[in-house]
Amino acid sequence: MHGHGGYDSDFSDDEHGGEPNKRKKRTVEDDLLLKKPFQKEKHGKVAHKQVAAELLDREEARNRRFHLIAMDAYQRHTKFVNDYILYYGGKKEDFRRLGENDKTDMDVIRENHRFLWNEEDEMDMNWEKKLAKKYYDKLFKEYCIADLRRYKENKFGFRWRIEKEVISGKGQFFCGNKCCDKKEDLKSWEVNFGYIEHGEKRNALVKLREKKSSQKKERIKPKKIMKSQHIKNPDYLLQKRPLRKRKKGIHPQRNQKIL
């Protein structure tokens, strides 16, 4: 635009050309404000190879993840073993697990079980002892169940009652002997139970409910085992022994005179 007197205006271009630039800036700022954090960028042109490769890897990893989640533990294990053999070589026989040293929870409890737990036993607790202690806490330690099958050898077995025996009344309303279910003429006994556990000798007072007649079994003393004596001269047994002289007129057994 030319002014009067042949002078040009320095601000003539800004007045008319500045408005579209301002509009562009406003649209860009509005787009940035309205853009969501999880919204993907729009590509007007063909995507770059690196972008396409990243999207492909991401989609493949997602599919593998869903495939592994759908498997159970055994199928997942066999897949990993097969992939290892495929890439690194080897045989499936090398991955076979030996079941000789396998143990169940019951085997662990039997190895670490204790009739009574002391403070010293709870000092160094590993997971095996903790499992045995957890089983011990669930037992009912008022009356015992006795095993008297080997009473003639002066050997007795005692254990605490479990939940089923408490509900049925075994050991309290029925005879505490393992092989007896009588509930008449029962009597409570408090006996000293001596036992050896994990190489240590211990004693414990336990309560037992038994029939009166069955208590005679505990008072039977075991028979003494006669030891065989060593004979230096075995020919001694083959020698003839001299006959004993009998007194005249006296019977050897009845000690009476023979008429």
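This is a predicted model: local features need pLDDT of at least 70, side-chain atom pairs count only at pLDDT 80 or more; totals for chains, interfaces and linings use all residues.
Trainee: Great. How many salt bridges does the structure hold?

Mentor: There are 15 salt bridges. The term stands for a side-chain nitrogen of Lys or Arg within 4 Å of a carboxyl oxygen of Asp or Glu.

Trainee: Which residue does Lys133 bridge to?

Mentor: Lys133 pairs with Asp137, with the closest N and O atoms 2.9 Å apart. The two are four residues apart in helix H5 (residues 127-137), so about one helical turn separates them. Helices here are DSSP runs of H or I with at least four residues, strands are runs of E with at least two, and both are numbered from the N terminus.

Trainee: And is Lys133 buried or exposed?

Mentor: Lys133 counts as buried at 16% relative accessibility, while Asp137 is partly exposed at 46%. Buried means under 20% relative accessible area, exposed means over 50%, and partly exposed is in between, using a 1.4 Å probe and protein chains only.

Trainee: Which residues are linked with them in a network?

Mentor: Salt bridges link Arg114, Asp121, Glu197, Glu200 and Arg202 into a network. Another bridge in the structure joins the side chains of Glu111 and Lys103, at 3.2 Å from N to O. Glu111 is partly exposed there, with a relative accessible area of 41%.

Trainee: Back to Arg114. Which ring does its charged end sit over?

Mentor: That would be Trp117, with the charged end of Arg114 at 5.7 Å from the ring centre. To count, NZ of Lys or CZ of Arg must be within 6 Å of the ring centre and within 35 degrees of the ring normal. Lys141 does this with Tyr136, lying over the face of the ring at 4.4 Å from its centre.

Trainee: Since we're on rings, how many aromatic pairs are there?

Mentor: The structure holds seven aromatic pairs. Rings of Phe, Tyr and Trp (its six-membered ring) pair if their centres lie within 6.5 Å; planes under 30 degrees apart are stacked, over 60 edge-to-face, and the rest tilted. One of them is Phe115 with Phe193, edge-to-face at 5.3 Å centre to centre and 70° between the planes. That pair links distant parts of the chain, with Phe115 in the loop between helix H4 (105-112) and H5, and Phe193 in strand E3, 78 residues apart. Both Phe115 and Phe193 are buried.

Trainee: And how do Phe115 and Tyr195 pair?

Mentor: Phe115 and Tyr195 are edge-to-face, 5.5 Å centre to centre with 65° between the planes. Phe115 lies in the loop between H4 and H5 and Tyr195 in strand E3, so the pair ties together parts 80 residues apart in sequence. Phe115 is buried at 6% relative accessibility, and Tyr195 is buried at 9%.

Trainee: Which residues make up the cluster of ring pairs?

Mentor: Phe115, Phe158, Trp160, Phe193 and Tyr195 are linked by ring pairs into a cluster.

Trainee: Changing topic, where does Ser188 lie, and which residues does it touch?

Mentor: Ser188 is in strand E3 (residues 186-197) and is partly exposed at 41% relative accessibility. Leaving out residues up to four places away in sequence, Ser188 touches Leu208 and Arg209, where contact means heavy atoms within 4.5 Å. The C-alpha atoms of Ser188 and Leu208 are 5.7 Å apart, with the two residues 20 apart along the chain.

Note on methods:
Residues are numbered from 1 along each chain as its sequence is written. Side-chain values use heavy atoms; hydrogens and water are left out.
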